[in-house]
Amino acid sequence: MSGPALPLPEPGLLLRLAAPLQSWGEHSHFTDRDTAAFPTRSGVIGLLAAALGRRRGESITDLTRLSLTVRADRPGVRLRDLHTVGGGLPAKATVTTAEGKKRSGETTTLLSHRHYLADAAFTIALTTPRTPDTTETERADAHDLLARCESALRFPQWPLYLGRRSCPPEGPLLLARTDDALHHLVRLPLAATIPAPSGIEFISDRPLHTLPVPEGLLTADASDGAHPSGQATDEPLTFHTTRRSYRARPLYRCFLHLPAEQYAGLGTKQLDALTTYQTRHLPETMEGNRP
């Protein structure tokens with residue numbers, strides 16, 4: 001029997017999210033600020049909105065049409081930091097309560113726990129899904145959206161950060177705008193040194209069993225990503241300061257045993273490998289690199 005038909009190539013953006021610290025809030029409340037194990041849809045869409053210079057109350061409907069697929073090159077190590085706020089200040093300068101009053105006595109100092117991913121690196125594809133029924137108007141709209149996002153990421157209106165303002169990205173953030181983003185997501189050099197026993201994890205908001213994967217890389221003992229493994233409440237409806245809200249969406253995962261030669265190492269070694277890959281494989285499909 002033949003397998004499912006592969007989807008049409010999808011235009012998209014390829015991003016590299018790497019930094020000493022990242023923090024992608026998942027269930028954060030008040031004094032306990034957690035992080036997901038991977039970049040969230042809300043965090044990445046917020047990054048795009050910041051690059052475009054959108055204010056908190058502006059619509060993000062166009063950005064939420066983009067599909068997010070994450071490749072976890074290096075999952076990183078979880079780190080917890082203890083913060084104190086308001087200690088040693090006069091009463092009028094202490095933290096304000098929800099009722100608008102000032103704290104007094106021993107309650108003036110607030111303790112908060114903030115969680116991070118240390119030394120993590122992710123490669124992501126933001127794509128505009130394409131089907132045989134996609135109209136020329138829809139293709140033109142998708143092309144325009146990707147072009148605007150690409151330009152904004154090259155010249156952002158506001159500073160960009162990986163989930164939290166204290167987590168600026170290191171190295172290149174935008175890798176390419178390409179006509180076949182998922183193809184390159186599977187093949188780009190990895191920011192890792194040795195193959196992981198379980199393989200490289202891919203996380204997406206859509207089924208992953210039709211990823212354009214070279215034959216033999218998806219092993220029989222790995223989930224094929226055809227069905228949701230759970231859900232994440234990270235689909236942003238609005239970033240409005242006082243009405244910020246999200247909804248749940250399905251979470252798909254799969255593991256691929258990528259070739260050993262794809263593990264490019266760390267630091268400048270991986271950056272050199274990325275540059276070589278871009279030179280060899282991306283100029284023909286990447287309008288953003290054309291003179």
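Among contacts (heavy atoms within 4.5 Å) in the protein chain between residues at least 6 apart in sequence, 79% join residues at least 24 apart. The model is predicted: local features need pLDDT of at least 70, side-chain atom pairs count only at pLDDT 80 or more, and totals for chains, interfaces and linings use all residues. Residues are numbered from 1 along each chain as its sequence is written, and side-chain values use heavy atoms, with hydrogens and water left out.

**Exercise 1. Confidence**

Task: State the mean pLDDT of the protein chain, and name the stretch where the pLDDT is below 50.

Solution. 
Step 1. The pLDDT is the predictor's confidence in each residue, from 0 to 100. Its mean over the protein chain is 86, and 85% of the residues reach 70 or more.
Step 2. Residues 285-291 have a pLDDT below 50; this stretch has 16 contacts in the model beyond near neighbours in sequence.
Step 3. Where pLDDT is low, the predicted coordinates should not be read in detail.

**Exercise 2. Overall composition**

Task: Determine how many helices and strands the protein chain has, and what percentage of its residues count as buried.

Solution. 
Step 1. Helices (H or I, at least four residues) and strands (E, at least two) are DSSP runs, numbered from the N terminus. The protein chain has 4 helices and 9 strands.
Step 2. Along the sequence these elements follow the pattern β-β-α-β-β-β-α-β-α-β-β-β-α.
Step 3. Buried means under 20% relative accessible area, exposed over 50%, and partly exposed in between (1.4 Å probe, protein chains only). Of the 291 residues, 43% count as buried.

**Exercise 3. Helix 2**

Task: Identify the buried residues of helix 2 and the elements against which they pack.

Solution. 
Step 1. Helix 2 (residues 136-154) has 19 residues and reaches 27 Å from its first C-alpha to its last, close to the 27 Å expected at 1.5 Å a residue.
Step 2. Its buried residues are Ala-142, Leu-145, Leu-146, Cys-149, Glu-150, Ala-152 and Leu-153. Because they cover an arc of only 165 degrees around the axis, they are on the same side of helix 2.
Step 3. These buried residues pack against strand 1, helix 1 (41-52), strand 5 (110-127) and strand 6.
Step 4. The exposed residues Glu-136 and Thr-137 are carried on the face of helix 2 turned away from its buried side.
Step 5. Asp-141 also has its place in helix 2; at 49% relative accessibility, Asp-141 counts as partly exposed.

**Exercise 4. Paired strands**

Task: Describe how strand 6 pairs with strand 1, and how strand 8 pairs with strand 9.

Solution. 
Step 1. Two strands pair if DSSP finds at least two bridges between them. Strand 1 and strand 6 pair in the antiparallel sense over 4 bridges, and Gly-12 stands opposite Thr-178 in strand 6.
Step 2. Strand 6 is mostly covered, with 5 of its 5 residues buried.
Step 3. Strand 8 (230-238) is joined to strand 9 (residues 245-256) by 6 bridges, and the two run antiparallel. Gly-230 stands opposite Leu-251 in strand 9.
Step 4. Strand 8 and strand 9 form a hairpin with 6 residues between them.

**Exercise 5. A residue in a strand**

Task: Is Asp-119 buried or partly exposed, and which residues does Asp-119 touch?

Solution. 
Step 1. Asp-119 is placed in strand 5. At 46% relative accessibility, Asp-119 counts as partly exposed.
Step 2. Not counting residues up to four places away in sequence, Asp-119 touches Ala-19, Pro-20, Arg-74 and Gly-76.
Step 3. Asp-119 and Arg-74 are 45 residues apart along the chain, and their C-alpha atoms are separated by 7.7 Å.

Methods: Expected span 1.5 Å × (residues − 1). Arc of directions from axis to C-beta.
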